[in-house]
Amino acid sequence: MVMIQLRARVAFLVLPLFVFGAPADEPDPKEATTLPNGCRRCCDPLDSHGSSEVTPSPAGRHSSLYPMPEVRPYINITILKGDKGDRGEPGIPGKWGKEGAPGERGSQGQKGSKGQMGAPGDPCKHQYAAFSVGRKKALHSSEGYQALIFDTVFVNLYGHFDMFKGKFYCYTAGLYYFSLNVHTWNFKETYMHVMHNDQEQVILYAQPSDRSIMQSQSLMLELRENDEVWVRLYKRERENAIYSDDVDIYITFSGYLIKPSLE
C-alpha cells in the first residue's frame, strides 16, 4: 500500500515534464550566433549584423517589438449637418405621355334622388286643341277661289275654329292631324285644297261622273302659333260643286293636336 502511494506521488511530479517540456536556455539577444555559411536564425535581433554591435535603446527596442497602430481620423458628418433649407421652386413640367387605351365601362350608378318641382306653367296656355265641323247645304263654286264655310259644330274646343271664316286658328304650337270628307255631285267636278295659311297642302279631287261618291283626304301638319288651316274650292273651266241635301251631313272637316311643341 505504501509502495502504491509513493509511485503516485512520483508520477504527479514527473507528469508536467512530459506535458510542458523541460525549460530551455533562451539565447541572449546581445549574443548573435552566426552560422558558418553566413545565415542567421530567425530569432536573432535585427540589428546584430557584422562585427560592430550597437546596443539598441530601450525605446527603439520597444518600438520594434510593438509597432505603433495606424491612426486614421474620423469625422462625424451628422455633427456638421446644418438646418433644412427652404423648399425649391417646382421644375418645368415634362411632356405629355402617350394616351392610354380606353378603360372598361364602369358599372351603372345608383338612381339619383327626385328633382325639385318645376315652375308652374302658363295658366292661359291650353295644351289641347280639337275641332270637328260639318255642312248640310250643297255648294256650287261661283268664283275662282272660294273658302268652304260650315254650319254645324260637333266639337270646337276652346273656340279655336272660326265658324264665320271657316278657318282653324292655332293657339298651341305642335303636330296636328286634319281630315276632310265630301260627297261629289253627278256630272260635276269636285276640286278642293286643304290650305295652310296661303299655301295649298293637299288636293281632294273627283272627275265628273254619272255616279256621286264619297271622297276623303287627310294629312298631318306642324303648326306654329297663329297659323291658319282651312278648305278652299277652286273653279276651272268645268263647274265645281259638292253635294248635300239640307238634311244629312255629307261634308265634314276635323282636326286635333297630336303633340304640343316643347317651346
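This is a predicted model: local features need pLDDT of at least 70, side-chain atom pairs count only at pLDDT 80 or more; totals for chains, interfaces and linings use all residues.
Residues are numbered from 1 along each chain as its sequence is written, and side-chain values use heavy atoms, with hydrogens and water left out.

**View 1. The chain as a whole.** The protein chain holds three helices and 13 strands; these are DSSP runs numbered from the N terminus, with helices being H or I of at least four residues and strands E of at least two. Of its 263 residues, 24% count as buried, where buried means under 20% relative accessible area, exposed over 50% and partly exposed in between, using a 1.4 Å probe and protein chains only. Take contacts (heavy atoms within 4.5 Å) between residues at least 6 apart in sequence: 70% of them join residues at least 24 apart.

**View 2. Phe150 meets Phe253.** A search of the whole structure gives 17 aromatic pairs; rings of Phe, Tyr and Trp (its six-membered ring) pair if their centres lie within 6.5 Å, and planes under 30 degrees apart count as stacked, over 60 as edge-to-face and the rest as tilted. Here the ring centres of Phe150 and Phe253 are 5.9 Å apart and the planes stand at 20 degrees, so the pair is stacked. Phe150 sits in the loop between strand E3 (145-147) and strand E4 (152-156), while Phe253 belongs to strand E13 (residues 251-260), 103 residues apart. Both Phe150 and Phe253 are buried.

**View 3. Two lysines over tryptophan rings.** Lys167 lies over the face of Trp230, 4.9 Å from the ring centre. Lys188 does likewise over the face of Trp185, at 4.2 Å from the ring centre. The test for a charge over a ring asks for NZ of Lys or CZ of Arg within 6 Å of the ring centre and within 35 degrees of the ring normal.

**View 4. An open five-stranded sheet.** Its strands run in the order E4-E1-E13-E7-E10 with antiparallel pairing, two strands being paired if DSSP finds at least two bridges between them. E4 and strand E10 (214-223) are the edge strands, each pairing on one side only. Between strand E1 (residues 130-135) and E13 there are six bridges, in the antiparallel sense. Look for Ala130, which stands opposite Tyr256 in E13.

**View 5. The largest nonpolar core.** This core has 27 residues, and those with the most contacts inside it are Leu148, Phe168, Phe178, Met192 and Phe253. By definition, it is a set of buried Ala, Val, Leu, Ile, Met, Phe, Trp, Tyr and Cys residues joined through side-chain atoms within 4.5 Å. E7 gives the most to this core, with four residues.

**View 6. Two loop residues with positive phi.** Most residues other than glycine have a negative phi. Phe187, in the loop between strand E7 (174-183) and strand E8 (190-196), has a positive phi of about 60 degrees. At 62% relative accessibility, Phe187 counts as exposed. Asn197 also has a positive phi, near 60 degrees, and its place is in the loop between E8 and strand E9 (199-206). With 28% relative accessibility, Asn197 counts as partly exposed.
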